[in-house]
Amino acid sequence: MRQGQPVIRAGMIGLGMIFDETYRPFFEQVRGTHLYRPDFGVVEVELAAVATRTGQRAEAYRQAAGSRIGPFISVHGAEAAEQLCRLDVDAVCVATPDDRHYAAAKAALQAGKHVLIEKPSVLRLQELEELIRLAHEKRVLAKVVYHKLLDPDHKKLRTHVADGILKHVNSGYCSLLEPKQISMSQFSEWIQGRNPGTYVAVHYVKLIDFSFFHGTQARLGSVTATGQRGLVGRADGPTWDSVQLRMNYVYPDGREAAFDIHTSWVNPDNFPGYVEQEVQFRFDNGIWNAHQRKRGVEVCVEGMSPNPIKNTPNHHYNGTFLEPWGERSQRGYGIEAIQRFFEEVAEVEFGGPPSERDQRLERVRGLHYNDLSADWNTVATVHALEAILRHHAEGRPGGVVRIGGGRMTLQLPGSGHVETLYEGQAWL
Ligand SMILES: NC(=O)c1ccc[n+]([C@@H]2O[C@H](COP(=O)([O-])OP(=O)(O)OC[C@H]3O[C@@H](n4cnc5c(N)ncnc54)[C@H](O)[C@@H]3O)[C@@H](O)[C@H]2O)c1
């Protein structure tokens with residue numbers, strides 16, 4: 001980080017759908033407004049470099065954005081992520097397909113850059129452990145985007161739990177169904193061998209873990225999963241249409257809490273909302289029901305609904321608006337999550353004297369909603385899910401992953417075989 005000069009130069013790895021929805025509007029807006037907070041003052045954020053597989057999206061973006069964005073370097077090809085990390089950037093955002101997060105994030109941390117990774121951070125606990133270790137060694141931030149934690153409804157849910165109004169969660173279900181367009185077109189290039197649980201159940205895995213269990217003595221005890229195939233890939237292949245995941249937490253007094261999370265990416269494209277998402281959480285003294293798109297707006301336009309104008313839109317995540325004061329804007333909690341990360345980098349680098357940087361770094365690492373050091377249970381669930389589905393696709397369904405006694409293990413029914421997925425002091 002260059003000393004004294006209040007600029008954060010950002011590198012972006014991956015310029016796909018999520019870049020377009022959240023990072024792009026953030027970089028374009030912050031170019032005009034800069035960041036400001038009394039502790040760090042005015043800090044500029046520049047999109048300085050991008051890395052993609054072919055370079056085509058970078059050039060298309062450069063043309064489309066025109067003066068909305070400043071000059072940026074574009075690198076592409078198999079080594080693009082590593083190349084970008086050697087450039088003069090201070091913070092790197094990783095928005096590649098999820099099985100490529102680890103290599104890109106590792107290269108960035110090794111180069112001493114602050115890192116923000118799209119969800120899920122990584123797919124295996126060993127990878128998480130290594131990224132946390134590197135972030136400590138290099139004295140930088142390593143963070144992950146779970147924007148559902150910034151949804152006002154989820155903030156209220158967590159507030160009720162934190163304030164003791166909703167007491168002791170016992171069980172719940174969540175459902176998140178993506179349209180076929182995601183699996184059949186948007187992600188068709190990299191979907192082979194992948195599943196929608198890792199892609200979107202993690203939103204709810206994190207919401208549950210952070211809202212109900214973070215900072216408590218309860219622990220993740222077991223994970224099970226099954227799923228269906230035959231639409232995106234072959235019925236006996238490794239690519240999944242839908243996934244049903246169950247996480248089980250254990251309280252210190254022996255009571256348990258189980259959560260079923262159902263996901264798919266084969267919902268009809270003409271569904272009235274973009275994504276179908278609902279939850280129900282049951283407590284000792286209450287119940288919470290929420291629906292992400294039925295928050296009150298229902299709209300229908302001849303020739304435009306359900307595509308491109310959905311009948312039940314979610315304007316809270318990310319919407320384009322004409323503000324009452326005449327400006328055009330794009331805003332929502334999806335973009336807010338990106339801005340928060342850059343404010344956290346600004347706090348570390350410019351929020352006080354250089355001699356106190358370490359204290360600021362520790363304070364910002366203590367924000368567990370996005371710090372990798374608090375992502376263990378979420379990555380464990382993803383790691384477990386990936387292992388269970390791999391065995392299932394190879395003809396060994398019904399695996400159970402158990403966490404405890406210093407290990408995370410997978411056991412198959414009718415078999416004495418126990419596979420150790422993770423063993424380590426860092427987490428267990
Ligand atoms: N927060 C959310 O709600 C949300 C929504 C969608 C996607 N995501 C996450 O964002 C990530 C990207 O998803 P997307 O929808 O933008 O995908 P996408 O397929 O639209 O884009 C992927 C991008 O990564 C680039 N890329 C692929 N491999 C690369 C490599 N090895 N080096 C450099 N660049 C590489 C591609 O060129 C492309 O620009 C995924 O991890 C996904 O889970 C998050």
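Reader: What makes the largest nonpolar core a "core", and which residues have the most contacts inside it?
Author: A nonpolar core is a set of buried Ala, Val, Leu, Ile, Met, Phe, Trp, Tyr and Cys residues joined through C-beta atoms within 7 Å. Here that set has 112 residues, and Ile 13, Val 92 and Val 115 have the most contacts inside it. At least three of its residues come from each of domain 1 (7-148 + 326-365) and domain 2 (152-313). A second, separate core has six residues, among them Ile 182 and Phe 187. By the way, this is a predicted model: local features need pLDDT of at least 70, side-chain atom pairs count only at pLDDT 80 or more, and totals for chains, interfaces and linings use all residues. Residues are numbered from 1 along each chain as its sequence is written.

Reader: Which residues does Val 115 touch?
Author: Two residues are in contact if their C-beta atoms, placed from the backbone, lie within 7 Å. Skipping residues up to four places away in sequence, Val 115 touches several, including Val 92, Leu 109 and Lys 143.

Reader: Why is Phe 342 called buried?
Author: A residue is buried if 20 or more other C-beta atoms lie within 10 Å of its own, exposed if 12 or fewer, and partly exposed in between, with C-beta atoms placed from the backbone. Phe 342 has 22 other C-beta atoms within 10 Å, so it counts as buried.

Reader: And where is Phe 342?
Author: In helix α9, residues 333-350. Helices (H or I, at least four residues) and strands (E, at least two) are DSSP runs, numbered from the N terminus. Beyond its neighbours within four places in sequence, Phe 342 is in contact with Ile 8, Leu 35 and Val 45.

Reader: How do you know where the ligand lies relative to domain 1 and domain 2?
Author: Both domains give residues to the shell around the ligand, so it lies between them. The domain bounds come from an automatic or database domain assignment.

Reader: What makes a residue part of that shell, and which come nearest?
Author: A residue is near a molecule or strand if its C-beta atom, placed from the backbone, lies within 6 Å of it. There are 25 residues around the ligand, and Gly 14, Gly 16, Met 17, Thr 52 and Glu 118 come nearest. Helix α1 gives the most, with three residues.
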